[in-house]
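Hi,

Here is the structure I promised to pass on. Have a look at it first, and then read my notes below.

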Amino acid sequence: MKLISIGDGRGKNAMVGIAPFYRKIEKEETSTAISHRIVKTTLKTSISALEEKSQHEVDQLFENLIKGDPEIDLKEEGRFTGKLHYTWTNEKNELVSDVRFKEEIFYSDGNLREQRAFNTSEANIQNETLPIRWTGVTIPVYEAMRRYIFTHTYQLFHTNGLTYSFLFELAKQLHEKKEMMFIGGGAGGSDPIVLMKGGKKYRGFMSGEIAYDNTSYQLLIHLTDIDLEDY
């Protein structure tokens, strides 16, 4: 189990467990499925290659597809891939070695807003001096679910009696108010959350629930990397 440093915004913080959250769904017993990666297409049969052969004439491309099966490589397609290695190519599918990444930020309508050099981000979830903390800004649960698309959800776990009390109190506050709390890194909680070195930067929210027995709790961190400020 990974650890994360969590602060409540009042000067208290603790190192607790964090793991991906999955809701249990009851399923009927079925046979065990086997998953394999297979070759779907090749460079010679890709849509761009077929368009080039047809001189980018749509009617000619359709005619070629009807007359034969140029989109199928009978020797390669369907084969198991085995171990894979990532490579980088240019627009002509030629191998390149000097790769420089750029970060692009888009408006909600899909238009490019900003382009900048990509900087490798450092993980900030285990910093005991600057824990991931409550910002004090809340939003009703139903409103958050309507306005944001959460791409990842993690559950927090206590590691001892002290961290149980700490997390239970956080969950209780959020449960009673039916609110989600904005959370983040840095001194004021305004920095994005980065789970691992070189990982994506996320905006974070925390939600909590208390069971009927008033002793069990569920404290979740919801993450999104989609900028919705223009919605």
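Before the notes, one term: by contact I mean heavy atoms within 4.5 Å. This is a predicted model, so local features need pLDDT of at least 70 and side-chain atom pairs count only at pLDDT 80 or more, while totals for chains, interfaces and linings use all residues. Residues are numbered from 1 along each chain as its sequence is written, and side-chain values use heavy atoms, with hydrogens and water left out.

Let's start with helix α4. Helices (H or I, at least four residues) and strands (E, at least two) are DSSP runs, numbered from the N terminus. After the helix comes Lys 178, with a positive phi near 55 degrees.

For burial I use relative accessible area: buried is under 20%, exposed is over 50%, and partly exposed is in between (1.4 Å probe, protein chains only). The buried residues of α4 are Thr 163, Phe 166, Leu 167, Phe 168, Leu 170, Ala 171, Gln 173 and Leu 174. Take Gln 173 from that helix: its relative accessibility is 19%, so it counts as buried. Leaving aside neighbours within four places in sequence, Gln 173 is in contact with Arg 10 and Trp 134.

Arg 10 leads on to the salt bridges. A salt bridge here is a side-chain nitrogen of Lys or Arg within 4 Å of a carboxyl oxygen of Asp or Glu, and the structure holds seven of them. In one, Arg 10 meets Asp 8 at 3.4 Å, N to O. Asp 8 is buried, with a relative accessible area of 6%, whereas Arg 10 is exposed at 58%. Another joins Glu 143 to Arg 146 at 2.7 Å; both lie in helix α3, three residues apart, about one turn of the helix. Here Glu 143 is buried at 18% and Arg 146 is exposed at 61%. Asp 98 and Arg 100 also form a salt bridge, with the closest N and O atoms 3.8 Å apart, and both of these residues are exposed.

Now the aromatics. Rings of Phe, Tyr and Trp (its six-membered ring) pair if their centres lie within 6.5 Å; planes under 30 degrees apart count as stacked, over 60 as edge-to-face and the rest as tilted. There are nine aromatic pairs in the structure. In one, the ring centres of Tyr 148 and Phe 150 are 6.3 Å apart and the planes are at 35 degrees, so the pair is tilted. Tyr 148 also pairs with Phe 205, again tilted, at 4.8 Å centre to centre and 50 degrees between the planes. This second pair links distant parts of the chain: Tyr 148 is in the loop between α3 (141-147) and β6 (152-157), and Phe 205 is in strand β8 (residues 203-210), 57 residues apart. Together with Phe 182, they form one aromatic cluster.

Last, two loop residues with a positive phi. Most residues other than glycine have a negative phi. His 56, in the loop between α1 (47-53) and α2 (58-67), has a positive phi of about 60 degrees and is exposed at 59%. Asn 214 sits in the loop between β8 and β9 (217-224), with phi near 60 degrees, and is partly exposed at 48%.

Cheers
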